[in-house]
Amino acid sequence: MKTEQTILKNGLRVITSERPQNETVSLGLWVNTGSAYEQKENNGVSHFVEHMVFKGTQKRNALQISEEIENVGGQSNAYTSREFTAFYAKMLKNDTELALDVLADFLMAPTFPEDEMKKEKEVVVQEIKQSIDTPDDAIFDYFQETAFPNQPLGRTILGPAGTVRSFTPDILRTYMKHNYAAENTVAVAVGNIKHADFVKMVQDRLANYQPKKDFTPAKQTYQGGFYEQKRAIEQAHMVLGFEGVPYYNTSYYALSVFSTLFGGGMSSRLFQEIREKRGLVYTVYSFMNAHTQNGLFGIYAGTSADELNKLMPVVADEIKKVVQEKVSAKELERAKVQLKASMLMALESTSSSAEVIARQMLLYNRVIPTQETVERLESVTVEDVQNIARQIFSKNPTYTLLGDLKEYPTFEKLQSYLKF
């Protein structure tokens, strides 16, 4: 994936990957800020800002923002995560400048009209309620909070309803003044676009974007522990997790490979043993979430209340097996191929490529060549996988349960299962 880069005078990085065979361009503005950079009293403000910029700028009202993109067949959206906020679009190549004009307006000239804010608060409160009412969504928020209690990284992205309802235009403006700046923003375009053309578009609109952010990330420390919530629903949902590794850790690729072979697909150990052989669950998988300071490794399963007592010892046994017995060369190779194929397939999409470029620039200040990533995956050995598994599973667990809970192993009992 060939890219070109220019840095504007204010520090804003502009990156393109030209694909002249395409008729479209995927573009966006990615900002290195999110809920992990909030305080308790403004938890949810990152996500609310992302919503409110669509409700009006100095050039456009909410309807005009939607119509200008859709009138030419384009698509636009945004998202907020714990450490990133993104505003992006996909357009026919001749409409790239229009899309960028709208997106740049979000950063430079949002108006936060109070009538729109009043309505949008209730929209977001409904989103919060929907998340709480979705158990296989809510449990991950409870898991995160238990892993990082009383810390920004442990709080929800959406924030509490009461806090969201307390937001004012000044709170949003203050947040953007501190957290949005050229040094933690990148502009990316992938598709049928010349680098010089895109640089000029960005320069014309974002040359006066403030250069420096004004916040220092709080120290985030993994703790772990136990959380349960009983609900009158049909299933019991479980997330068992451990401290993982940050993006920059040398074991990042080893953990990626391990997570894939352990619980990353239908051929993985967890799926084969827990669903295929024993029929204890409908869904089971492992996952890794990296952050800039640390990370999480976890196992999710949804089962019935009657099966929970059977499920946890089996999960613990699979953990002990992978720690005490060498993984085979065959399953190691299968995991590597899965990861490589997934990456290469994603890069065929201009939207996915833009996302990859943006995140790499914000995290590493460079676009990592695809071949370099492939080589890092290829270099992972059986010993690397064994070592990272021992490291992960020797940490204090985070044990989270939600749903139809009757009999299940206590936190202390689970810890005894995990001894190796």
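**Close-ups of a predicted model**

**View 1. Helix H2 and what packs over it.** Ala62, Ile65 and Ile69 are the buried residues of helix H2 (residues 62–70); buried means under 20% relative accessible area, with a 1.4 Å probe and protein chains only. Looking down the axis of H2, these buried residues fall within an arc of 65 degrees, so they line one face of the helix; the arc is taken from the directions from the helix axis to the C-beta atoms. Their cover includes strand E4 (75–80), strand E5 (85–92), helix H3 (96–108) and helix H4 (114–133), going by contact, that is, heavy atoms within 4.5 Å. Helices (H or I, at least four residues) and strands (E, at least two) are DSSP runs, numbered from the N terminus.

A word on the model: it is predicted, so local features need pLDDT of at least 70 and side-chain atom pairs count only at pLDDT 80 or more, while totals for chains, interfaces and linings use all residues. Residues are numbered from 1 along each chain as its sequence is written, and side-chain values use heavy atoms, with hydrogens and water left out.

**View 2. The largest pocket.** About 1100 Å³ of space lies in here. Of its 35 lining residues, Tyr247, Tyr252, Ser256, Val356 and Arg359 are the closest to the centre. Two or more lining residues come from each of helix H9 (252–263), strand E9 (283–290), helix H12 (329–347), helix H13 (350–364) and helix H14 (370–378). H13 gives the largest share, seven residues. A pocket here is an open set of points on a 1 Å grid over the protein atoms alone, where a 1.4 Å probe fits, with protein on both sides within 12 Å along at least five of seven lines; lining residues have an atom within 4 Å of a point.

**View 3. The second largest pocket.** This one holds about 430 Å³ of space. Its lining has 20 residues, and Asn43, Glu145, Arg155, Thr156 and Pro160 lie nearest the centre. H4, helix H5 (135–147) and helix H6 (161–165) each supply at least two lining residues, with the largest share, four residues, coming from H5.

**View 4. Phe297 in its strand.** Look for Phe297 in strand E10 (residues 295–303). Phe297 is buried, with a relative accessible area of 0%. The C-alpha atoms of Phe297 and Gly244 are separated by 5.0 Å, although these residues are 53 residues apart along the chain.

How values were computed:
Buried means under 20% relative accessible area, exposed over 50%, partly exposed in between (1.4 Å probe, protein chains only). Grid points are joined across faces, edges and corners, and a volume is the space filled by probe spheres set on the points.
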